[in-house]
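Here is a quick tour of one protein model, written for someone who would rather look at side chains than tables. Keep the 3D view open as you read.

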Amino acid sequence: YKCKWYGKKLIVVAPQYTSRICSECGRKNPQFAHMKTRDWLAVRNWTCPYCQTDHDRDENAAKNILARAIN
Ligand SMILES: [Zn+2]
């Protein structure tokens, strides 16, 4: 039951938006701000222009979701 509850929460947080925010410095990447979801889904990896951290899109989104779930 615990897993199912977390699964629902992940959908509510809308991963397509959290994945555009750097999990290191918390800033939104302006390069992706106006990107269509379809185009965004083609982006697998990106580098934060502020802190130069390399991100895997899904991994970065998971970190952001986890951070929000804790806070
Ligand atoms: Zn960053």
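## The nonpolar core

C22, F32, W40, V43, W46 and C48 make up the largest nonpolar core, six residues in total. Bear in mind that this is a predicted model. As a rule, nonpolar side chains in soluble globular proteins tend to be buried together.

Skipping its neighbours within four places in sequence, W46 touches S19, R20, I21, C22, N29, F32, W40, T53, D54, H55, R57 and N60.

## Rings in the core

How many aromatic pairs does the structure hold? There are two. One of them joins F32 and W40, with ring centres 4.6 Å apart and 55° between the planes, and that pair is tilted. Both F32 and W40 are buried.

The other partner to look at is W46: its ring centre is 5.4 Å from that of F32, and because the planes stand at 85°, this pair is edge-to-face. The pair ties together distant parts of the chain, 14 residues apart: F32 is in the loop between α2 (15-18) and α3 (37-40), while W46 is in strand β1 (residues 45-47). Like F32, W46 is buried. Put together, the ring pairs link F32, W40 and W46 into a cluster.

## The zinc site

Now for the metal. Which atoms coordinate the zinc ion? They are the SG atoms of C22, C25, C48 and C51, at 2.3 Å. The angles between these four donor atoms run from 105 to 119°, so the arrangement is tetrahedral. Along the sequence, the donor residues follow the spacing C-x2-C-x22-C-x2-C.

C25 has 33% relative accessibility, so C25 counts as partly exposed.

## Arginines over rings

Two arginines are worth a look. R27 lies over the face of Y50, 3.7 Å from the ring centre. The charged end of R57 sits over the ring of W40, at 6.0 Å from its centre. R57 is also among the contacts of W46.

## The overall fold

Stepping back, the protein has four helices and two strands. Reading from the N terminus, the order is α-α-α-β-β-α. Of the 71 residues in the protein, 24% are buried. Among contacts with a separation of 6 or more, 46% are between residues 24 or more positions apart.

Q52 sits in the loop between β1 and β2 (54-56). Its phi is near 60°, which is a positive value in a residue other than glycine. With a relative accessible area of 55%, Q52 is exposed.

N60 is found in helix α4 (residues 57-70). Is N60 buried or exposed? N60 counts as buried because its relative accessibility is 2%. Leaving out neighbours within four places in sequence, N60 is in contact with T18, S19, I21, C22, S23, W46 and H55.

Terms used: Residues numbered from 1 in each chain as written. Predicted model: local features only at pLDDT ≥ 70, side-chain atom pairs only at ≥ 80, totals over all residues. Heavy atoms only, no water. Core = buried A, V, L, I, M, F, W, Y, C linked by side-chain atoms within 4.5 Å. Buried < 20%, exposed > 50% of the residue type's maximum accessible area, 1.4 Å probe, protein only. Contact = heavy atoms within 4.5 Å. Donors = N, O, S within 2.8 Å, 3.2 Å for Na, K, Ca; no water. Tetrahedral: all angles 85-135°; square planar, octahedral: opposite > 155°, others 65-115°. Phe/Tyr/Trp six-rings, centres within 6.5 Å; stacked < 30°, edge-to-face > 60°. Lys NZ or Arg CZ within 6 Å of the ring centre and 35° of its normal.
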